[in-house]
Amino acid sequence: VHTGFNYGSALQAFASKMILQELGYQGVNISLKGSIMQGRDVRIKKIAVIALRLLRQPHNIKKRVSVYGDNISKSYSEQTKTLFTNFRHNKIKPYSCTWNQLKRIAKNDDYKAFVCGSDQIWNAEALYVDPQYYLRFAPKDKRIAFAPSFGRDKIANYNKGIITKYIKDIPNLSVREESGVSIIKELTNKDATHLIDPTLVLDAKKWDEYLELQEAILDSEKYILAYFLNEPSDYAKECIKKLAEKHKLKVIALPYQREVTDWLDFAPDAGPVEFVQYVKNASYVCTDSFHGTAFAVNYEVPFNTFERQYGSAGKQSSRLVSFLKLVSLEERFNPSMELLDTPIDFRESKFVLESERQKSLDYLLKALH
């Protein structure tokens, strides 16, 4: 996934490309033609399948419409949209083709392998199980799963059959959460490798280099970065206000414009590059996001991660809990008031990430060879 206005989606797609480049391959991000909405992957077939499945599941209609409404109601500034578009064109540089063209190039010897990357491409509750994200266009021996996510701890019953079939046909299996390893074992009796997200495979120095990031100006105003994909809970807002008042910090909020602004000072325009820059130079990061947490850990910025207020959508906390457990920082999830500004020892997380980075590279090299 590299469309839509989501920092994590854009940055993991770019990271995967750069990881492959470091291994000596030319990474190419593929984009299927046919979207009827600029900047997003909304195809006619997709809409038709979703509509048909909703008719068969009338109890799901209200929930799904509500989830979709939540997403499209978020207001991104025009400049933010432009920054996303520029990142996609200049950094991700997607190769656009039709499904039939994709099937033809998949047989070409110039293409060593096809990788379905991170993010929730295997969403367990999706009403459209998209065959592109299971590499159905490619010969079986060219298929590699590189840390995709189910986004949930279990597969919805209405998707078990097709997802089981699709996963069985991928010889090289890895996932982003421990729960995903269990799901694959249960569905297919296959063993999958647990890998970190591609954005974590690149360390902070590499992100600085690839995105040409700047160091913070010493006398610039210090701030808390509040990166919330949904409106923060009252408790999260209370924590942010307490941190800001105690340390005399401004509160910068991403990623979209907000109606309730009594807990923030500024909601700037920001594409993926600006997002990483804001994380890198923050005094604290407060977030409900996996990638907000991941980049804070990567840059060793003090952070607090709060339970996301999903509204109509199902909870997706498994990936956050899995990651924080991996790097021994579980206490930063829904922290108590007393823990908000306690120093974080990143030595263990640094050691773990170095080991996990090598594990990811070894997995890719083995799959490619």
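This is a predicted model: local features need pLDDT of at least 70, side-chain atom pairs count only at pLDDT 80 or more; totals for chains, interfaces and linings use all residues.
In strand E10, phenylalanine 303 is the bridge partner of valine 285. Strand E9, residues 284–287, pairs with E10 in the parallel sense, and three bridges connect the two.

From here the rest of the sheet can be followed. The sheet is open and consists of four strands in the order E8-E7-E9-E10, with parallel pairing. Strand E8 (250–254) and strand E10 (303–305) each have a single partner strand and therefore stand at the edges, so one side of each has no neighbour in the sheet. Direction ignored, neighbouring strands of this sheet are turned by 15° against each other on average. In general, the strands of a sheet pair through backbone hydrogen bonds, in either a parallel or an antiparallel arrangement.

At the other end of the order, strand E7, residues 223–227, runs parallel to E8, and five bridges join them. Within this pairing, alanine 226 stands opposite alanine 253 of E8. Although E8 is an edge strand, E8 is mostly covered, with four of its five residues buried. Here a residue counts as buried when its relative accessible area is under 20%.

Helix H11, residues 272–280, is also mostly covered: seven of its nine residues are buried. These are Pro272, Phe275, Val276, Gln277, Tyr278, Val279 and Lys280.

The structure holds one cavity of 30 Å³ or more, and the largest cavity has a volume of about 70 Å³. Its lining is made up of Arg176, His194, Leu195, Ile196, Asp197, Leu200, Phe290, Arg319, Ser322, Phe323 and Leu326. Helix H13 (residues 318–326) supplies the largest share of this lining, four residues. By type, the lining residues of the largest cavity divide into six nonpolar, two polar and three charged. Among the lining residues are Arg176, Asp197 and Arg319, which count as charged.

These elements sit within a protein of 14 helices and ten strands. Of its 369 residues, 55% are buried. Among the contacts in the protein with a separation of 6 or more, 74% are between residues 24 or more positions apart.

Technical notes. Residues are numbered from 1 along each chain as its sequence is written. Side-chain values use heavy atoms; hydrogens and water are left out. On a 1 Å grid over the protein atoms alone, a cavity is a set of points where a 1.4 Å probe fits but cannot get out, and a pocket is an open set with protein on both sides within 12 Å along at least five of seven lines; lining residues have an atom within 4 Å of a point. Grid points are joined across faces, edges and corners, and a volume is the space filled by probe spheres set on the points. Buried means under 20% relative accessible area, exposed over 50%, partly exposed in between (1.4 Å probe, protein chains only). Two strands pair if DSSP finds at least two bridges between them. Axes are lines fitted to C-alpha atoms, for helices over the stretch in contact, and angles run from 0 to 180 degrees between N-to-C directions. Contact means heavy atoms within 4.5 Å.
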